[in-house]
Amino acid sequence: MIDHGAISMQCKTRLRPALLTICFLLLPVSSFAESADSAKTAAIHRLLEVTGAIAMGSQMVDQLLSIQAQAQPDIPAEVWADIRQEIDFSEFEPAMVHIYDKHFSATEIEGLLAFYESDIGRRFIEKQPAIVQDSMAAGQAWAIGIQEKLRTKLEKRGFKPTRL
């Protein structure tokens, strides 16, 4: 009998680094009210709204889980669905806001807003999901090539890598 709970925990453990990477790749933000003044907080919320950061993060989580499900067909679809239900990307919002609050002044946030509300900024937002998707696919292909090179080099030196 398959222990879905154990499989679910293994999947979560394996996916955690990838999900954190996705979170930090996202551009926009939300707010830690205690660290940002109210005008800056409002601007950060507007930036988040304009760029659709949380929706993009959720889409990237969906793509990552789909890739993992294809790579691990022995794990039932209902386990992946259960894992997805437990991932609420909006919970990461406060951390994102804190990071942007830390690294950008209110003036810089306003500049980002001006950009994203411009024609070219809206075009960037429109194209960003496809860019991220293509980048993830290219990164995955690159990583597979590196793994093969590493496996070959280790085997030439007499090692037998079991997991790469």
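Predicted model: local features only at pLDDT ≥ 70, side-chain atom pairs only at ≥ 80, totals over all residues.
**Exercise 1.** Work out what span helix 2 (residues 38-51) should have, and compare it with the distance between its end C-alpha atoms.

*Solution.* Helix 2 has 14 residues, and at 1.5 Å a residue they should span 20 Å. The end C-alpha atoms are 20 Å apart, which agrees with that expectation.

**Exercise 2.** Describe what lies at either end of helix 2, and then where its buried residues pack.

*Solution.* Begin at the N-terminal end, which is capped by Asp 37, with a side-chain oxygen 3.1 Å from the backbone nitrogen of Ala 39. Just after the helix comes Gly 52, whose phi is positive at about 65°. Between these, the buried residues include Lys 40, Ile 44, Leu 47 and Val 50. The buried residues of helix 2 pack against helix 3 (53-71), helix 5 (93-103), helix 6 (106-116) and helix 7 (119-156).

**Exercise 3.** Classify how helix 3 is oriented relative to helix 7 and to helix 4.

*Solution.* Take helix 7 first: its axis and that of helix 3 are 11 Å apart, at an angle of about 30°. Angles under 35 degrees count as roughly parallel, and therefore helix 3 and helix 7 are roughly parallel to each other. The crossing is right-handed, and among the residues that meet are Met 56 and Ile 67 in helix 3 and Val 132 and Met 136 in helix 7.

Turn next to helix 4 (residues 77-86), whose axis comes within 11 Å of that of helix 3 and crosses at roughly 155°. This makes helix 3 roughly antiparallel to helix 4. The contact involves residues including Val 61 and Leu 65 of helix 3, together with Trp 80, Ile 83 and Arg 84 of helix 4.

Terms used. Residues numbered from 1 in each chain as written. Heavy atoms only, no water. Helix = DSSP H or I, 4+ residues; strand = E, 2+ residues; numbered from the N terminus. Expected span 1.5 Å × (residues − 1). Buried < 20%, exposed > 50% of the residue type's maximum accessible area, 1.4 Å probe, protein only. Contact = heavy atoms within 4.5 Å. Polar contact = N/O pair within 3.5 Å; in protein donor to acceptor, adjacent residues only side chain to side chain. Axes fitted to C-alpha atoms, helices over the stretch in contact; angles between N-to-C directions. Parallel < 35°, antiparallel > 145°, perpendicular 65-115°, else oblique. Left-handed = near helix turned anticlockwise from the far one by under 90°.
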